[in-house]
Amino acid sequence: MLKNALLTAVLGAALATAPANASLYSDDMSRCLLKSTSEDDKATFVRWIFAAMASSPHVARLSTASRDERARLHREAADLTQRLMLTDCRNETVAALKYDGIGTIEASFGLLGQTAMRDLMMDPAVVTEMEA
């Protein structure tokens, strides 16, 4: 259940913007997430977001991801989210939750999602396709 809630928050956050009134604690959590996330980790989030978006009837026919593949992507994203919050950035997460509340998770992962999506959009193959 925690995994589902975290995944929902991360997906929503990936498409949202961080609030303008983020505190030092939220900023620390965001910085820690960015610092602790490798290029492979960002790619994991991008694949998960893409698979989730591909479930929309507007684009579903463009994706060949099977149910098993989507389930694997859910697990990978959940494991990554938990590692970031509970291991790599535990102290920052605890402080941000204590002083800023649950919204800090959405804001911090929103920034991470934006960074991952920006990196995807800067990929030369993506740029070429968008320019076409």
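## The largest pocket

Val46, Ile49, Phe50, Met53, Met117, Leu120, Met121, Val126 and Met130 line the largest pocket of this predicted model. A pocket here is an open set of points on a 1 Å grid over the protein atoms alone, where a 1.4 Å probe fits, with protein on both sides within 12 Å along at least five of seven lines. Lining residues have an atom within 4 Å of a point. The volume is about 250 Å³. A volume is the space filled by probe spheres set on the points.

Three helices, α3 (39-53), α6 (103-121) and α7 (124-131), each supply at least two lining residues. Helices are DSSP runs (H or I, at least four residues), numbered from the N terminus. The largest share, 4 residues, comes from α3. By class, the lining has 9 nonpolar, no polar and no charged residues. Ala, Val, Leu, Ile, Met, Phe, Trp, Tyr, Cys and Pro count as nonpolar, Asp, Glu, Lys and Arg as charged, and the others as polar.

## How the model was read

Residues are numbered from 1 along each chain as its sequence is written, and side-chain values use heavy atoms, with hydrogens and water left out. Because the model is predicted, local features need pLDDT of at least 70 and side-chain atom pairs count only at pLDDT 80 or more, while totals for chains, interfaces and linings use all residues.

## The nonpolar core

In soluble globular proteins, nonpolar side chains tend to be buried together. A nonpolar core is a set of buried Ala, Val, Leu, Ile, Met, Phe, Trp, Tyr and Cys residues joined through side-chain atoms within 4.5 Å. Buried means under 20% relative accessible area, exposed over 50%, and partly exposed in between (1.4 Å probe, protein chains only).

The largest nonpolar core has 17 residues. Those with the most contacts inside it are Met29, Leu33, Phe45, Trp48, Leu84 and Phe109. Helices α2 (24-36), α3, α4 (67-88) and α6 each supply at least two residues of this core. Helix α4 gives the most, with 5 residues. Met29 touches Met85, Glu92, Thr93, Ala96, Thr104, Ile105, Ser108 and Phe109, not counting residues up to four places away in sequence. Contact means heavy atoms within 4.5 Å.

Gly110 is in helix α6. Gly110 counts as buried, at 1% relative accessibility. Its C-alpha atom is 8.9 Å from that of Ser30, 80 residues apart in sequence. Gly113 is also found in α6 and is buried, at 6%. The C-alpha atoms of Gly113 and Val46 are separated by 7.8 Å, though 67 residues apart along the chain.

Thr115 is buried, with a relative accessible area of 10%. Leaving out residues up to four places away in sequence, Thr115 touches Leu34 and Lys42.

## Aromatic pairs

The whole structure holds 2 aromatic pairs. Rings of Phe, Tyr and Trp (its six-membered ring) pair if their centres lie within 6.5 Å; planes under 30 degrees apart count as stacked, over 60 as edge-to-face and the rest as tilted. The rings of Tyr25 and Tyr99 have centres 4.3 Å apart and planes at 20°, so this pair is stacked. Tyr25 lies in α2 and Tyr99 in α5 (residues 90-100), so the pair ties together parts 74 residues apart in sequence. Tyr25 is partly exposed at 32%, and Tyr99 is partly exposed at 47%.

The rings of Phe45 and Phe109 have centres 6.3 Å apart and planes at 75°, so this pair is edge-to-face. Phe45 in α3 and Phe109 in α6 are 64 residues apart. Both Phe45 and Phe109 are buried.
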